[in-house]
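Try each task on your own before you read the solution.

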Amino acid sequence: MENQENFSEKDSLKLITNMLQVTKNGYLDTGRAAILWGGIITICGILTYLKTIDMFPKNIDVWMLTIFALIPQFIIVYYENIKTKTKYFDEKFLNTVWVTFGISMFALQFSFGVFQAKLIPILQEYKQLSGHSSGFQIWSFFTPITLIIYAIPTFITGWVKKFKHMFIGGIICFVCSIISAYTNLGIDMLLIALSATTAWLIPGILLNRKYVKQKSKNV
Amino acid sequence: MFKELDPILHTPLRLAVISLLIGLDEADFGFLKEKTNATAGNLSVQLQKLKEANYVTINKQFKDNYPQTTCKITIEGRQAFENYIEALKSYMKDL
């Protein structure tokens, strides 16, 4: 690289091609965030399902785990940023997509919480007037929308990175979203667990394996 | 008719650095050193020349006790790289 003599046009072209190839295949995701969130959501989904069939205490809010998972998430982001300052265009774009996903999930949970608070008095009034429960549960609307929001960044990431496992995971989220429009809350939770496993947990493990393999090659 | 190749870019290390930076948002010094197999001293000198030509920007800072030098290609750098490729094409036609 340091020899400047006899640097021909052909050498130039070869060098440019090699360097472009480096940046094209260079961005390696550690898969840690995907494993973390895939694992957490799968566990939360299964435990919530168990709650619906009275096999897990109803007074424990398992979804609080997602709040605690933010701590390791911040640690992962912090250390991965310190390690290297090299930013690939793919990485920057996908980071934006996933930050948008995080904001969307927060906004969705917030709005559904507000809707639920407004609906409870109406449903109670209905019960008093009619003498029976309406059977209406706003959270049954939550699953199809949640799964669509899961699917979008997963599908985009799979497509952009040409990572078929995540691409298929995104499609599974879309399919589960449609199915969940016809199912009850218990099954919805299993669909969420299935989506999280196929969209994040399994692809995350595969990405991490690839990352470790690549790193051990470079040592 | 051969177009003149930009002398700033027509050296192996500077061309390698620009070819890497064209595909990245930004790159740190260690990354460029590793991918180009250059020595730190030579890479510093060549980066300085690219900076003087206004082809790259270099940002040096300390973050959490870690020294960080990051490089980014400028619009002029991108244009120069595109012109270099165009000029290179005129040579390739005759090969």
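**Exercise 1.** Which side chains of chains A and B meet in a salt bridge, N to O?

*Solution.* Before we start, a word on the model: it is predicted, local features need pLDDT of at least 70, side-chain atom pairs count only at pLDDT 80 or more, and totals for chains, interfaces and linings use all residues. Residues are numbered from 1 along each chain as its sequence is written, chains are lettered from A and ligands numbered from 1 in the order in which they are written, and side-chain values use heavy atoms, with hydrogens and water left out.

Step 1: recall the rule, a side-chain nitrogen of Lys or Arg within 4 Å of a carboxyl oxygen of Asp or Glu. Step 2: apply it across the interface, where one salt bridge turns up. Step 3: name the partners, Lys92(A) and Asp25(B), at 3.3 Å.

**Exercise 2.** Find the salt bridge between Asp25(B) and Lys72(B), and say which parts of chain B the pair ties together.

*Solution.* Step 1: the side chains of Asp25(B) and Lys72(B) form a salt bridge at 3.8 Å, N to O. Step 2: Asp25(B) lies in strand 1 and Lys72(B) in strand 3 of chain B, so the pair links parts that are 47 residues apart in sequence. Here strands are DSSP runs of E with at least two residues, helices are runs of H or I with at least four, and both are numbered from the N terminus.

**Exercise 3.** Describe how strand 1 of chain A and strand 1 of chain B are joined.

*Solution.* Step 1: two strands pair if DSSP finds at least two bridges between them. Step 2: two bridges join strand 1 (residues 87-88) of chain A to strand 1 of chain B, and the strands run antiparallel. Step 3: look for a facing pair, and you will see Lys87(A) opposite Glu26(B).

**Exercise 4.** How many residues of chain B are in contact with chain A, and what area do the chains bury between them?

*Solution.* Step 1: count contacts (heavy atoms within 4.5 Å); 36 residues of chain B touch 26 residues of chain A. Step 2: take the buried area (accessible area, 1.4 Å probe, that two parts lose on being put together, summed over both). The chains bury about 2,800 Å², 67% of it on carbon and sulfur atoms.

**Exercise 5.** What confidence does the predictor give?

*Solution.* Step 1: chain B averages a pLDDT (confidence in each residue, from 0 to 100) of 90, and 94% of its residues score at least 70. Step 2: the complex has an ipTM of 0.88 and a pTM of 0.83.
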